[in-house]
Amino acid sequence: MRLLATAQALPERRVPTAEVARLCGVPEAIALKRSGVHERRWLSGQETALTLGTQAAREAIARAGLEIGDVDVLLNASGSQLQPIPDGAALYARELGLHGAATYSLHGTCLSFLLALQHAALLIHTARARHVLIISSEGGSVGLNPRQPESTLLIGDGAAAVLLGPPTRPGQGLHATRTETHPAGADHTRISGGGTLRHPNHPGAAPTDFTFDMQGLQVLKLASRVVPPFLERLRPGLSHGLPGITRVIPHQASQAGLDLLRRYHWPEEQVEVTLRTLGNVIAASLPLTLHQAVEAGRLKEGDTALLVGTGAGLIAGGVIWEL
């Protein structure tokens, strides 16, 4: 599987941490230290996750020198959904003018893009599709609760699109993939409302049920325990080095989450970071960080990338990809 193009679309509004800290009633210095985020983008005006995702997708297609009709499969890999029904991929297809192609979503919260990447590789390598378009677009700012500063200080909005095609040389594609769920963390990060368990007509439903609720310390404790053995199962040696890896593209969960990477003796100069300027953009964090690395020339064809992270659930996931 070959990377044909990446693209991003960001909201116009830049929100400094000082503004969010005031909203949450937290001193700015503490907010900066805890989150690691100096600014993030939030939706404003007529912007939506749908408009951003569509914009990124159009740019990725153009960058690849293709037309919308060349897309065989469109995968929506977003953590915050546009609406329950119909599937968000159908809404993107309508906006893009994509008719008759296969379109559907793969949802793994913050790791949705990793699941879509693995799925795209299967489709391409089994010749079920030639060109696969992945869209990860997030508008999480609309569901923030200022009384929950852990999540409010972290979340940013934005979209990325990645276009994939068949390999052009032996060895090009995914060399290893792994996903594990550790359900002891199922309640550590959640939005409890919006489904059939806590629906709008539920007698106990409250507005806060439809906003982010995160227990960051519990997430960090669980991740610090389960991630090292997970990394060894993905590729032996990853829990104490970067064997065969050119660059790490981690999910931008939080400053504390990125600090954990130091325990694995991964050189900081090999780790791509977008947290400071974009925040945690949920499922779009991984493709946005990938896009930054590609655009800056820090990741190019022939290099080997490790895309890795954790998501609500708690899910740990990673892929090793020779571009």
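A: The UniProt record, in an unreviewed entry, assigns residues 107-180 to "domain: Beta-ketoacyl-[acyl-carrier-protein] synthase III N-terminal"; its positions follow the numbering used here, feature names are shortened, and such annotations may be inferred rather than shown by experiment. The model is predicted, so local features need pLDDT of at least 70 and side-chain atom pairs count only at pLDDT 80 or more, while totals for chains, interfaces and linings use all residues. Residues are numbered from 1 along each chain as its sequence is written, and side-chain values use heavy atoms, with hydrogens and water left out.

Helices (H or I, at least four residues) and strands (E, at least two) are DSSP runs numbered from the N terminus. S151 belongs to helix α6, residues 149-152. With a relative accessible area of 2%, S151 is buried, where buried means under 20%, exposed over 50% and partly exposed in between, for a 1.4 Å probe and protein chains only. Leaving aside residues up to four places away in sequence, S151 touches L144, F212 and M214; contact here means heavy atoms within 4.5 Å.

Helix α4 spans residues 88-96, and its buried residues are G88, A89, L91, Y92, A93 and L96. These pack against α3 (49-63), β4 (73-76), β5 (102-105) and β6 (132-138). At the start of α4, the backbone nitrogen of A89 has a side-chain oxygen of D87 within 3.0 Å. Just after the helix, G97 adopts a positive phi of about 75°.

One aromatic pair is present. Y264 and W266 form this pair, which is tilted, at 5.3 Å centre to centre and 55° between the planes. Rings of Phe, Tyr and Trp (its six-membered ring) pair if their centres lie within 6.5 Å, and planes under 30 degrees apart count as stacked, over 60 as edge-to-face and the rest as tilted. Y264 is buried at 4% and W266 at 5%.

A salt bridge is a side-chain nitrogen of Lys or Arg within 4 Å of a carboxyl oxygen of Asp or Glu, and the count by this rule is 16. Among them, E19 pairs with R13 at 2.6 Å between the closest N and O atoms; E19 is partly exposed at 27%, as is R13 at 31%. R190 and D213 meet at 3.7 Å, N to O. R190 lies in strand β9 (residues 189-190) and D213 in strand β10 (residues 213-214), so this pair ties together parts 23 residues apart in sequence. E301 and R169 also form a salt bridge, with their closest N and O atoms 3.6 Å apart. E301 sits in the loop between α10 (285-295) and β12 (304-311), and R169 in the loop between β7 (158-165) and β8 (173-181), so that the pair links distant parts of the chain, 132 residues apart. Both partners are partly exposed, E301 at 46% and R169 at 25%. Through shared partners, salt bridges join R2, R169, E301 and E322 into one network.

Methods:
Polar contact = N/O pair within 3.5 Å; in protein donor to acceptor, adjacent residues only side chain to side chain.
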